[in-house]
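Hi everyone, thanks for making time this morning. I'd like to walk you through one model, starting with a helix and then moving on to a sheet.

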Amino acid sequence: MNPPEDLKALARALGVHTHFVDGLHRAIEVGPETLLRVCVAAGAELDRVEGAAGALAAIEAERARPGLTPVIVAWDGRLPEIRLPGLAGGEVRLEDGASWEIPARDDRLHPGDPLPQGYHELNVRADGGPSRASVISAPIRAWSRPDVEHPRGWGVAVQLAALRSTRSRSVGDLTDLEALCEWVGDQGGDLVAALPLLPTFNRGAAEPSPYSPVSRLFWSELILDLGAAHRPTGAPPALDVRAADAEVRAALADRPVPDAVRGDPELLRYARFRGAQARLGRNWRDWPERARAGVLTDADVDPDEERFHLVAQSEVRRELARFRSRLDSGPVRLGLDLAVGVHPDGYDPWSRQELFADGMSVGAPPDRGFPSGQDWGFAPILPFASRAEGHRYIAASIAHQARLCGVLRIDHIMAWSRLYWIPHGMELREGTYVSYPAEELFAVLTLESVRNECEVVGEDLGTVPPEIREALPRHGIRGMYLAQFAAGDPEMPDPTHANVAMAGTHDTPTFAGWLDGVDIDERMRCLLLTPEAEPEEREGRAAAVHRLAHRVGADASTPREFLGAVLKWIGESEAPLVAAWLEDFWLETEGVNVPGTSSADRPNWQRPMARLLEDVLADPEVISMARILTEARSSRPG
């Protein structure tokens, strides 16, 4: 059934796509039920399709009122032209509290000097009355290290929890990460990239995925170095976040709450929320109405749980400050990931309910790898609500990690332009895309990048909108080149100066697993790939392996030599940075994650490294792979 024109017009007004092309290259016309539910979630006031005309009229009437747009981007401090009937002047209130008067003439503002970088507020007087807008004064380009001071770099990527050593407890910690950083620096590298170090749910029905955090504003307490007295002997057969959680709690049991936390209202509220979950249940949507709405009394909160999170976050911040200080004295930078979403039971959706779409999940439409589509399990941010607050939450999420790391990868950078929303209870293929204000979000990203001297990489794999392809180089943001993906293209493109080059990532099979088709076996077992599609998938994989082997001049039947040739090839490329998944160095076959699966399908994020860190760092074959990268990076691009 085709949606009525009024409903499609309403959808377009809200940035809801009425049609799109999915990952199987099929033209999809979005159905009326999907459009209705997504429009309601996006802010339209209607409860049935027949109300679309009235809802659209209300939106158009609101937008017809003279006034400023919610957000204005001042690239390099220059305000764009602003015209309003009867404009009598304006004032910019800077984020530091100072004010700048801006004169008006002929209904147009006439700003003088460029604004300083930051998040400001513009207030104007015009015929329609006073009006205000958030102003993001941002550099056009993200920060990057001067090429004349730094050679072309390389590094390794890891899941910190899986980084086991002889001194580790149930999961890897910051001391293990520091040991790896020192080793990479000794080998000639300059980056260690870790999957998100954000807090997860570690008790009860634990969910260890670093990409489904409780919050994007705090750190995982599991990364703490607890001291030898609190560590069990031996290495665990599997990552156990419940055991790790118990270890942290035992280590911090007698530590008092630092006085400094009293001046941090966000941390106080976060700890209180975690205390309320211990008493009222993890799903805050089932709490009593008052608590659900954000008002917590002492009776709602478990004081021990509240105290634990206040102490734990204070300790993590202190350790991370020391860690960053030690990194600053050496050649190696830390790389981190900005997760695209937050667990629906998490702190951020509770504390900022007006920002998150109710009854929706983010995911992806069907594609060749996942013909049924994907549901990633978290609620999308509402574009209009984010604009209304000047994107402050998104800015805080970016700044939280950019202050610590030297390279920040933006997971699913396409979200800066559009996200695929799936109404709860509907099929994965029955979702649709919703547009986001890309220019404003890129301004937030470049501003935080420059403020924190942190380079930015955008995960631009898959079906990427043209506006994202154009925006990345314009804003000095690197894209990604994956040899596994490129090998699937008959043209087999090379890495370029615009890309960070890798063989694969945490979301792809390991190099050895890719060669053997281990991921195809797993997708078959998890019903992500149909038996009918299996032969074509295996044929395509064989062709991709052959294509890559031919391109790098290697024999695919000798995996170690093949991997070395791939690392040499991408290392000698124009890519300014090359990164390898550490476990590829010893040809690990099992991936850490299979996208589109849940813990019921396979133990994602729960596999420890097969080898202890000390053994890895002393292994001549591992060292030889690092040497290949060092020598390749020292050669001229070609």
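**A helix and a sheet**

Let's begin with H5, where the buried residues are Val241, Ala244, Asp245, Glu247, Val248, Arg249, Ala251 and Leu252. Please keep in mind that this is a predicted model. So what covers the buried residues of H5? Part of that cover is helix H8, residues 303–328.

At the start of H5, the backbone nitrogen of Arg242 has a side-chain oxygen of Asp240 within 3.1 Å.

On to the sheet. It is open, with eight strands in the order E18-E15-E12-E11-E10-E21-E20-E19, and the pairing is parallel. Which are the edge strands? They are E18 (455–458) and E19 (479–482), each pairing on one side only. From one strand to the next, the twist averages 25°.

Let me zoom in on one pair. E20, residues 499–502, runs parallel to E21, residues 577–581, and three bridges join them. Within that pair, Val500 has Leu577 of E21 as its bridge partner.

Finally, the helices on the sheet. One of them is H11 (residues 392–402), which packs there and touches E12 (333–338) and E15 (407–410). The direction of H11 makes about 155° with that of E12. H18 (residues 559–571) also packs on the sheet, touching E19, E20 and E21, and its direction makes about 160° with that of E21.

Methods
Residues are numbered from 1 along each chain as its sequence is written. This is a predicted model: local features need pLDDT of at least 70, side-chain atom pairs count only at pLDDT 80 or more; totals for chains, interfaces and linings use all residues. Side-chain values use heavy atoms; hydrogens and water are left out. Buried means under 20% relative accessible area, exposed over 50%, partly exposed in between (1.4 Å probe, protein chains only). Helices (H or I, at least four residues) and strands (E, at least two) are DSSP runs, numbered from the N terminus. Contact means heavy atoms within 4.5 Å. A polar contact is a pair of N or O atoms within 3.5 Å; within protein, one must be able to donate a hydrogen and the other to accept it, and residues adjacent in sequence count only if both atoms are side-chain atoms. Two strands pair if DSSP finds at least two bridges between them. Axes are lines fitted to C-alpha atoms, for helices over the stretch in contact, and angles run from 0 to 180 degrees between N-to-C directions.
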